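Please look at the sequence and the model first, and then read on.

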Amino acid sequence: MSITFNPSFADVVNQFGDAVRAELSYQGHGVLNHIQSCRTPRLGGRALQCDGCASRYIQYHSCRDRHCPICGYQASQAWVEARMQDVLP
């Protein structure tokens, strides 16, 4: 049995972010900070509890940055697809 590790973009930013930050603008630093904070305790969250088995789960808030591959990318793609429906043939 092999175990595979699929790093998230935030994992990559956490590992290599310092080397990349030297090449980024002020806005780029903000984007990296958002991505690092996305769905972590830094942004807060809420505790959810199952009514049936009483197990608890913490759901952390997303950064909602349009550059974030987890939350912003999906929203921007949905917006683009909706705008494509508005385009004349």
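## Burial

A residue is called buried under 20% relative accessible area, exposed over 50%, and partly exposed in between, with a 1.4 Å probe and protein chains only. By that definition Cys63 is buried, because its relative accessible area is 17%, and Cys68 is buried as well, with a relative accessible area of 1%. Of the 89 residues of the protein, 18% count as buried.

## Basis of the model

The model is predicted, so that local features need pLDDT of at least 70 and side-chain atom pairs count only at pLDDT 80 or more, while totals for chains, interfaces and linings use all residues. Residues are numbered from 1 along each chain as its sequence is written, and side-chain values use heavy atoms, with hydrogens and water left out.

## Fold and overall dimensions

The protein has 3 helices and 2 strands, where helices (H or I, at least four residues) and strands (E, at least two) are DSSP runs numbered from the N terminus. Along the sequence these follow the pattern α-α-β-β-α.

The radius of gyration of the protein, taken over C-alpha atoms, is 18 Å, whereas a compact globule of 89 residues would have one near 12 Å; the globule rule is 2.2 Å times the number of residues to the power 0.38. Along the principal axes, the C-alpha atoms fill a box of roughly 50 × 40 × 35 Å.

## Contacts within the chain

Among contacts (heavy atoms within 4.5 Å) between residues at least 6 apart in sequence, 25% join residues at least 24 apart.
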